[in-house]
Protein chains: 4
Amino acid sequence: MSNEQSSQQAQRLAEQITEVLYAQDRASRALGIRIEETRPGYARATMVVRPDMTNGHRIAHGGLVFTLADTAFAFACNSHNESNVAASASIDFLAPSHEGDELTAVATELWRSGRSGIYEITVTNQKGARIALFRGRSARIAGQVISVD
Amino acid sequence: MSNEQSSQQAQRLAEQITEVLYAQDRASRALGIRIEETRPGYARATMVVRPDMTNGHRIAHGGLVFTLADTAFAFACNSHNESNVAASASIDFLAPSHEGDELTAVATELWRSGRSGIYEITVTNQKGARIALFRGRSARIAGQVISVD
Amino acid sequence: MSNEQSSQQAQRLAEQITEVLYAQDRASRALGIRIEETRPGYARATMVVRPDMTNGHRIAHGGLVFTLADTAFAFACNSHNESNVAASASIDFLAPSHEGDELTAVATELWRSGRSGIYEITVTNQKGARIALFRGRSARIAGQVISVD
Amino acid sequence: MSNEQSSQQAQRLAEQITEVLYAQDRASRALGIRIEETRPGYARATMVVRPDMTNGHRIAHGGLVFTLADTAFAFACNSHNESNVAASASIDFLAPSHEGDELTAVATELWRSGRSGIYEITVTNQKGARIALFRGRSARIAGQVISVD
């Protein structure tokens, strides 16, 4: 198999995994999160801040901004078809977001080795302003997302 | 005013703040999060894992576990009536939780000085097993939660 | 073997491991770090801030405060005689320390399961004031610290 | 003043600050850390792993890898001539390094606003392999590094 064929296969696999995971991911769907794009080690997800996503300071609840980033992280770290869960994550909140804002989380793989991976997720709003920086560490668990072997 | 009176006043203030913040916190209410107890620098919140809170691995979405912890953090760090928001937070996921689990997040103040505070939040399930450890750094913003001056 | 005997054995093992690791730990010794006490899952280490440990702001270099905490973490997470290294760590700097200050780092085990562990390390000065809060995640590697099997 | 002149001035200032801070930074000098380059919001530092920098597992002490990264962070976040200290930092250790390895830490500014900044520091060895990823949050304190106003 050529490099190009192998790369196309990896891409098709990433897309199939996205479909399977998303169909089961009731939480992300309930929040209106959409997976706009997946590639091996990469995912881009969007979410519109609904009125029921704001907190006591009348800004988007930080937990839901985290959830959007965490979803992008999940789709990126499962894209190789080894089941992975989040072991830990940290987030820096840079700017508030408000009702109606459309947030985009882009997850990229910084490093992957053995059972662990590290992913960087940046959350921006519709103006391109950065809302949050998220870093997640994944841990491989038994099994594949979809059976291919 | 005696120490006891001052302590009672701080407690009353913490409870009033909780009421005001919770009434505005549409996100926490939409997720069924309840604030069970607040004291100065302390908050305890609960959430039942609903079917629409599970992810592609059929466990509670880590983002929503984070959201519960973040809510407890918010009520603890605003309890002194200085408005505070989360500057950053980190979470370690220790064990998965499942549909129907009742999670409790307990937030305690580790340190507070000038414009910053550090809070420790532990999330447990109905059996007392630890689900996640969360640490948050708060940043004071202008204003009070409720006007008392 | 009774619980008491088993507990005494675990304590003796922790102390033997400390001796072996410390003899090899040239970095900690070069910094004057002393391991004052070890128990299973616990370690206490001290360091005096020397003139050559201060930075451009004339306070103790944060990296060396981290190093003291990291050393306590290492002795705590290796105390069970499974070789462990740090996978990640985070630190909050609460207050500066100065030349001549005697710092103490106390490491306690928050959680341990499979190949991972989480440890909390608090650094205080000679007046008992907290200087830094450190949290570390350990990863088990192959081998034991000392051969007992 | 043209953009180019302003940019040249910022660069000159960053270099002057580096000189002043480095002259006072006894800790970094004692560890053989060299500041190879500074620009506004950027610093590159190197350190050779000496025999007295290894730990009980015979690899470079994680605390000293952190210290190298923290030094690059310090020079990057002070480069604008507003005095800054580290408020918090986190590090992921990706691979061990050994006696004789030459480590390079590159610090870049991800974000800066008001009193806070976030910096990303990558530590590599002489083969270009990544050893550690570090993220630091700075806090502005009173004063300038060098008096220019």
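In the predicted model, C:V123 of chain C stands opposite C:A132, a residue of β6(C). The strands β5(C) and β6(C), the latter spanning residues 130–140, pair in the antiparallel sense over nine bridges, and they form a hairpin with five residues between them, in whose turn C:G128 has a positive phi of about 85°.

In chain D, strand β6, residues 130–140, contains D:A139. The contacts of D:A139, with residues up to four places away in sequence left out, are D:N84, D:V85, D:A87, D:R115 and D:S116. The C-alpha atom of D:A139 is separated by 6.9 Å from that of D:G117, although the two residues are 22 residues apart along the chain.

In chain A, strand β6, residues 130–140, is joined by nine bridges to β3(A), and the two strands run antiparallel; within this pairing, A:S138 of β6(A) is the bridge partner of A:A86. The strand β3(A) is mostly covered, nine of its ten residues being buried. Beyond its own chain, β3(A), residues 84–93, is joined to β3(B) by five bridges, and these strands also run antiparallel. In this pairing across the two chains, A:S90 stands opposite B:S90, while A:I91 stands opposite B:A89.

The arrangement of the two chains was examined by superposition. Chain B can be laid on chain A with an RMSD of 0.0 Å by a turn of 180° and a shift of 0.0 Å along the axis; the two copies are thus related as by a two-fold rotation axis. The same surface serves both copies, in that 100% of the contact residues of chain B recur in chain A. The residue of chain B that comes closest to the rotation axis is B:S90, whose C-alpha lies at 2.0 Å, and B:S90 is also the residue that A:S90 stands opposite in β3(B).

The contact between these chains takes 34 residues from chain B and 34 residues from chain A. On the side of chain B that touches chain A, at least two residues each are supplied by α1 (3–24), α2 (26–30), α3 and β3 (84–93), and β3(B) gives the most, with nine residues. By class, this side of chain B has 15 nonpolar, 13 polar and six charged residues. The helix α3(B), residues 62–77, has 16 residues and reaches 22 Å from its first C-alpha to its last, close to the 22 Å expected at 1.5 Å a residue. This helix is mostly covered, with 16 of its 16 residues buried.

As to confidence, chain A averages a pLDDT of 95, and 99% of the residues score at least 70. For the complex, the predictor gives an ipTM of 0.96 and a pTM of 0.96.

Terms used
Residues are numbered from 1 along each chain as its sequence is written. Chains are lettered from A and ligands numbered from 1 in the order in which they are written. This is a predicted model: local features need pLDDT of at least 70, side-chain atom pairs count only at pLDDT 80 or more; totals for chains, interfaces and linings use all residues. Copies are superposed by least squares on the C-alpha atoms of residues with pLDDT of at least 70 in both. Two residues are in contact if their C-beta atoms, placed from the backbone, lie within 7 Å. Helices (H or I, at least four residues) and strands (E, at least two) are DSSP runs, numbered from the N terminus. The expected span of a helix is 1.5 Å times one less than its number of residues. A residue is buried if 20 or more other C-beta atoms lie within 10 Å of its own, exposed if 12 or fewer, and partly exposed in between; C-beta atoms are placed from the backbone. pLDDT is the predictor's confidence in each residue, from 0 to 100. Ala, Val, Leu, Ile, Met, Phe, Trp, Tyr, Cys and Pro count as nonpolar, Asp, Glu, Lys and Arg as charged, and the others, Gly among them, as polar. Two strands pair if DSSP finds at least two bridges between them.
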